[in-house]
Amino acid sequence: MSLVSIEHLRKVYWRDDREFEAIRDITLEVRSGEFISIVGPSGCGKTTLLSCISGLRSLTGGRVVVNGRVVNKPIREIALIFQDYGRTLLPWRSALGNVIFGMENRPEISRNEYEGRAREALRSVGLVGIEQSYPWQLSGGQQQRVAIARGIANGSEILLMDEPFASVDAQTRSELEDLMLKIWKELKKTVIFVTHDIDEAVYLSDRVAVLS
């Protein structure tokens with residue numbers, strides 16, 4: 001059974017009273033525990049598609065269903081990890097504080113659990129000993145690991161990743177790809193991964209969906 005069902009999704013923007021169709025009639029099924037990459041040229045709607053799946057953008061047509069429930073707003077089952085890690089981490093919070101931030105609006109998680117879960121998430125992405133460091137004290141790769149740890153600690157079943165390794169150097173990118181596979185296998189998350197790099201998509205994924 002599909003965990004995520006995208007059914008005839010369409011998204012239209014308006015610019016100066018003119019219609020701009022960003023996505024036209026996309027249908028895709030994603031199984032639980034699957035790692036699927038979405039590839040395509042710049043401007044084909046990859047980021048818009050993730051925003052629609054996450055509930056951050058309203059749909060013009062079609063629907064997104066997660067665990068049998070129609071998504072029309074952000075839900076706790078989904079964590080969205082952006083390409084620009086520098087703008088998603090809070091500069092006045094430490095690495096540990098940034099990971100905890102994702103849990104602070106979860107009433108089912110007690111305050112006593114916050115720190116333990118955050119430390120475990122940082123450990124799972126290979127960041128031990130930097131808990132009290134601030135984002136500006138970390139490398140780009142470390143900052144992106146903190147962003148990934150925040151998504152993991154939050155307990156979300158589905159990770160949406162929007163070209164998360166595009167802003168780091170080639171060696172760090174290779175390390176992060178291997179880390180992502182390790183996390184996926186250990187934690188059994190469902191991952192929808194946007195990239196424009198065909199080699200990266202083939203290396204990481206069970207399946208690759210191509211947008212034109």
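Mentor: Helices here (H or I, at least four residues) and strands (E, at least two) are DSSP runs, numbered from the N terminus. Please keep in mind that the model is predicted, with local features needing pLDDT of at least 70 and side-chain atom pairs counting only at pLDDT 80 or more, while totals for chains, interfaces and linings use all residues. Residues are numbered from 1 along each chain as its sequence is written, and side-chain values use heavy atoms, leaving out hydrogens and water.

Two packed helices are described by the angle between their axes and the distance between the axes. Axes are lines fitted to C-alpha atoms, for helices over the stretch in contact, and angles run from 0 to 180 degrees between N-to-C directions. For α5 (residues 140-153) and α6 (residues 170-187), the angle is about 15° and the axes are 11 Å apart. The two helices are therefore roughly parallel to each other; angles under 35 degrees count as roughly parallel, over 145 as roughly antiparallel, 65 to 115 as roughly perpendicular and the rest as oblique. On the α5 side, the contact (heavy atoms within 4.5 Å) is made by Gly141, Arg145, Ile148 and Ile152. From α6 come Thr172, Glu175, Leu176, Leu179, Ile183 and Leu187. By class, this contact has 6 nonpolar, 2 polar and 2 charged residues, where Ala, Val, Leu, Ile, Met, Phe, Trp, Tyr, Cys and Pro count as nonpolar, Asp, Glu, Lys and Arg as charged, and the others, Gly among them, as polar.

Now look at the other partner, α4 (residues 111-124). The axes of α4 and α5 come within 8 Å and cross at roughly 130°, which makes α4 oblique to α5. This crossing, too, is right-handed.

Note on methods:
A crossing is left-handed if the near helix is turned anticlockwise from the far one by less than a right angle, and right-handed if clockwise.
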